Amino acid sequence: MSEMRLQQALARAGVASRRAAEDFIRAGQVRVDGMVAELGSKVDPSSQSITVKGKRVTIVPRRWLAFHKPLGVVTTASDEQGRRTVFDFLTNTKGLTYVGRLDVMTTGLLLLTTDGEAVHRLTHPRYRISRRYTALVHGRPTAEVVNAVKQPVLVERRPVVPTQVRVRPGHDGRSIVDLTLAEGRHHIVRRWAEALGLKIERLARLSYGPIRLGDLKPGESRILTNKEMDDLYRVINLTPGAEPATKPKRR
Ligand code: URA
């Protein structure tokens, strides 16, 4: 790993956001090779020891994976009930964190990375990252449902406003709902559907920001291409391997 700014290294490690990392450094709580560090100093995480409040921080090289989460697999590091987790499908999981959980009964695209700052931004509501889903629901599409899905629906007193939504006929008297949301509240698609009286039989995530599931089979993973990484970092105002290109926009 090459040299990088200390606050960037801490953000990458997921210790804190870049701004909070700067506060830790200013407060003298960060040491590099035992010496109190200064803001803006450069470090080589592969050869230097970094501590925050006395605790050793591990900074692993940046990795990005797209994974097709199968049905019944839990998005967690370890499951109390002993169910299979997404990490059971991956090798070399050191420092890997998922980007936006999928429910155990939801399938589809799950991104994983060692870049904590990127995870923070990709899941923060401020960045309004698009997530595209497809749901198989009970019943044929009626005109009432087709209209209702286009209206804002309140979930915990906050409106859910799909950026795109379409209902179309599915097989055996069911409907398919294609839905894009720019938020990631817990169980948000299921709660949105429930509020509309729709019964979801299957739910899958097809994309997260600019990254698509494509033809990955359930249980398969792949490394993101450089182009995908560039696209991903662009939507969160970061440059791969560098400081944020600009300050994040407030929306
Ligand atoms: N919304 C849900 O309800 N479940 C998911 O897994 C993802 C989004």
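Colleague: Let's start with charge. How many positive and negative side chains does the protein chain have, and how far apart are the centres of the two sets?

Modeller: Lys and Arg count as positive, Asp and Glu as negative, while His and the chain ends are left out. Each charge is placed at NZ of Lys, CZ of Arg, CG of Asp or CD of Glu. Here, the protein chain carries 44 positive and 25 negative side chains, and the centres of the two sets are 4 Å apart. Keep in mind that this is a predicted model: local features need pLDDT of at least 70, side-chain atom pairs count only at pLDDT 80 or more, and totals for chains, interfaces and linings use all residues. Residues are numbered from 1 along each chain as its sequence is written, and side-chain values use heavy atoms, without hydrogens or water.

Colleague: How many helices and strands are in the protein chain?

Modeller: Both are DSSP runs numbered from the N terminus: helices are H or I with at least four residues, strands are E with at least two. The protein chain has six helices and 17 strands. Its C-alpha atoms fill a box of roughly 65 × 40 × 35 Å along the principal axes.

Colleague: What share of the residues is buried?

Modeller: Buried is under 20% relative accessible area, exposed is over 50%, and partly exposed is in between (1.4 Å probe, protein chains only). Of the 251 residues in the protein chain, 44% are buried. As for contacts, meaning heavy atoms within 4.5 Å, take those in the protein chain with a separation of 6 or more: 64% of them join residues 24 or more positions apart.

Colleague: Now the ligand. Which residues surround it?

Modeller: A residue is near a molecule if one of its heavy atoms lies within 4 Å of it. The ligand is surrounded by Leu102, Asp103, Thr106, Tyr133, His187, Ile188, Val189, Arg190 and Leu203. Taken alone, the ligand exposes 240 Å², and the protein buries 96% of that.

Colleague: Where does Asp103 lie, and why does Asp103 count as buried?

Modeller: Asp103 lies in the loop between β8 (97-99) and β9. Asp103 counts as buried because its relative accessibility is 19%. Setting aside residues up to four places away in sequence, Asp103 touches Lys69, His187 and Arg190. Asp103 and Val73 are 30 residues apart in sequence, with their C-alpha atoms 8.4 Å apart.

Colleague: Which residues of α6 are buried, and what covers them?

Modeller: Glu228, Met229, Asp231, Leu232 and Tyr233 are buried in α6. Their cover includes β7 (64-69), β9 (106-113), α3 (116-123), β16 (211-212) and β17 (221-223). Take Asp231, which sits in α6 (residues 226-235). Asp231 has 16% relative accessibility, so Asp231 counts as buried. A polar contact is a pair of N or O atoms within 3.5 Å; within protein, one must be able to donate a hydrogen and the other to accept it, and residues adjacent in sequence count only if both atoms are side-chain atoms. The side chain of Asp231 makes one with the side chain of Arg234, at 3.1 Å.

Colleague: What about Ile236, buried or exposed?

Modeller: Ile236 is in the segment after α6, and Ile236 is buried, at 0% relative accessible area. Beyond neighbours within four places in sequence, Ile236 is in contact with Ala118, Arg121, Leu122, Tyr127 and Ile129. Also just after α6, Asn237 takes a positive phi of about 55°.

Conventions:
Areas by Shrake-Rupley, 256 points an atom, 1.4 Å probe, with all protein chains shown as cover.
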